[in-house]
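Subject: Structure for your review

Hello,

Here is the structure I promised to pass on. Please open it alongside this message.

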Amino acid sequence: MSEQTAYTDVSPAQGARFFGSPDAGAVVMLNLIRFRDRADYSHAPELEPEGGCSGAEAYARYMTEMEPLLTASGGEILYSGSSDEFLIGPDAEKWDKVLLVRQASKEAFLAFASDPQSQRVTQHRTAAVADSRLLPTLAD
């Protein structure tokens, strides 16, 4: 497999494009996630569990702490599962976790993502994720 760029966070241009376009109601985010073998808490050492943990364990901590905040914001997890290989797609591309997360609107998503408590919890995701894709979808 050739070296690829890892995507772990939204770029300013992508954020401006998404949030700057007209709000069309509910948005469902398709999340594809690949975990680090060992979580990297170098950005937030105070959150690292004693003895460290795997990326999958850090992501589980993120989900445990984030789900009540998501629910309180009006969002919901529609689907959460593990993944293996594509049936149609590149053989070299593998994802550990697949999620579908619904928010009532882009505005609700932005408020949720901007909340200081959500941002603190997101540090577990940052430690956990080696690569990801986040594809917003809007109902037809």
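This is a predicted model: local features need pLDDT of at least 70, side-chain atom pairs count only at pLDDT 80 or more; totals for chains, interfaces and linings use all residues.

Aromatic residues

Two aromatic pairs were counted. In one of them, Phe-35 and Tyr-59 sit 5.3 Å apart, centre to centre, with 50° between the planes, a tilted arrangement. This pair links distant parts of the chain, since Phe-35 belongs to strand β1 and Tyr-59 to helix α2, 24 residues apart. Phe-35 has a relative accessible area of 16%, and Tyr-59 has a relative accessibility of 4%. Both values are under 20%, so Phe-35 and Tyr-59 count as buried.

Tyr-59 also pairs with Tyr-62: the ring centres are 5.2 Å apart and the planes are at 50°, so this pair is tilted. Tyr-59 and Tyr-62 are about one helical turn apart, because they are three residues apart in helix α2. Tyr-62 is buried, as is Tyr-59. Phe-35, Tyr-59 and Tyr-62 make up one aromatic cluster.

Elsewhere, Arg-34 lies over the face of Trp-95, 4.4 Å from the ring centre.

Largest pocket

The volume of the largest pocket is about 1,200 Å³. It is lined by 39 residues, and those closest to its centre are Asp-9, Val-10, Phe-109, Arg-125 and Leu-134. Among the elements that give two or more residues to the lining are α1 (12-20), β1 (27-35), α2 (55-72) and β4 (129-138). By class, the lining consists of 22 nonpolar, 12 polar and five charged residues.

Regards

Technical notes:
Residues are numbered from 1 along each chain as its sequence is written. Side-chain values use heavy atoms; hydrogens and water are left out. On a 1 Å grid over the protein atoms alone, a cavity is a set of points where a 1.4 Å probe fits but cannot get out, and a pocket is an open set with protein on both sides within 12 Å along at least five of seven lines; lining residues have an atom within 4 Å of a point. Grid points are joined across faces, edges and corners, and a volume is the space filled by probe spheres set on the points. Helices (H or I, at least four residues) and strands (E, at least two) are DSSP runs, numbered from the N terminus. Ala, Val, Leu, Ile, Met, Phe, Trp, Tyr, Cys and Pro count as nonpolar, Asp, Glu, Lys and Arg as charged, and the others, Gly among them, as polar. Rings of Phe, Tyr and Trp (its six-membered ring) pair if their centres lie within 6.5 Å; planes under 30 degrees apart count as stacked, over 60 as edge-to-face and the rest as tilted. Buried means under 20% relative accessible area, exposed over 50%, partly exposed in between (1.4 Å probe, protein chains only). A charge sits over a ring if NZ of Lys or CZ of Arg is within 6 Å of the ring centre and within 35 degrees of the ring normal.
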